[in-house]
Amino acid sequence: MTVNEGLQQTENAYNQLVEVNRLMVDAVFNAFLFSWQWWLGIGLFIIPWLIWFLFRNKKSTGRLLIGRFITIILSLLIDLIALSYGLWSYPMKFSPISPLLFLPYHLAMAPVAVMFVLQIKPNWNPLLKGSIFAAIAAFGGMNLFNAIDFYNPKGWSTFYDFFIYLFLIMIAYLFYNMDSYKKITDK
């Protein structure tokens, strides 16, 4: 294959992605919008943030938000790779804007849960806390979402989800506990 043929092939693939996006937007507007599942998904975008805002450790807000950003970035990257290879999918869509990855898991549930885990019992062993969080998220949360058609594991083992969640919490923990948070000065 030549470079020009490769460019044409990627353009064809891009056009197929645009069509896939159109089909997903159509599903949001014509099947999901205002269904109980859609309202639940919208609530899962908003309610975790309201709870966090009320119950966060206000003295550690900046550090918690760093953990949040890391969790969002990593969960989006992991899902982007997994979705690209068909390892799992999210059948229920909530937004016509980027319906593939604009989901409450990435932008609210996982980051808020990670922030709460980071601030609760800060002196506990992080591996123990992370393992408890990963077990609840993987074996509880992912199986619940599978049951209500928010998640389709396509044969992906929940046991693997445990390690993904453990990875997310441990990386967020590392960033949360960095000692190099200082104000930027001119000197």
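Colleague: How far apart are the mean positions of the positive and negative charges of the protein chain?

Modeller: They sit 22 Å apart, taking 13 positive and 9 negative charges. Lys and Arg count as positive, Asp and Glu as negative, with His and the chain ends not counted. Each charge is placed at NZ of Lys, CZ of Arg, CG of Asp or CD of Glu.

Colleague: What sort of model is this?

Modeller: This is a predicted model, where local features need pLDDT of at least 70, side-chain atom pairs count only at pLDDT 80 or more, and totals for chains, interfaces and linings use all residues. Residues are numbered from 1 along each chain as its sequence is written, and side-chain values use heavy atoms, with hydrogens and water left out.

Colleague: OK, how many helices and strands does the protein chain have?

Modeller: Six helices and zero strands. Those are DSSP runs numbered from the N terminus: helices are H or I with at least four residues, strands are E with at least two.

Colleague: And which residues touch the most other members of the largest nonpolar core?

Modeller: Phe 94 and Tyr 165, in a core of 40 residues. The elements giving two or more residues to this core are α1 (3–32), α2 (36–55), α3 (61–84), α4 (104–119), α5 (126–147) and α6 (158–176). The largest share, eight residues, comes from α6. A core here is a set of buried Ala, Val, Leu, Ile, Met, Phe, Trp, Tyr and Cys residues joined through side-chain atoms within 4.5 Å.

Colleague: Is Phe 94 buried or exposed?

Modeller: Phe 94 is buried, at 4% relative accessible area. Buried means under 20%, exposed over 50%, and partly exposed in between, using a 1.4 Å probe and protein chains only.

Colleague: How do the rings of Phe 94 and Phe 150 meet?

Modeller: Their centres are 5.2 Å apart and their planes at 70 degrees, so the pair is edge-to-face. Phe 94 is in the loop between α3 and α4 and Phe 150 in the loop between α5 and α6, so the pair ties together parts 56 residues apart in sequence. Phe 150 is buried too, at 0%. For pairing, ring centres of Phe, Tyr and Trp (its six-membered ring) lie within 6.5 Å; planes under 30 degrees apart are stacked, over 60 edge-to-face, the rest tilted.

Colleague: How many aromatic pairs does the structure hold?

Modeller: It holds 17. One is Trp 49 with Trp 52, edge-to-face at 5.8 Å centre to centre and 85 degrees between the planes. They're three residues apart in helix α2, so about one helical turn separates them.
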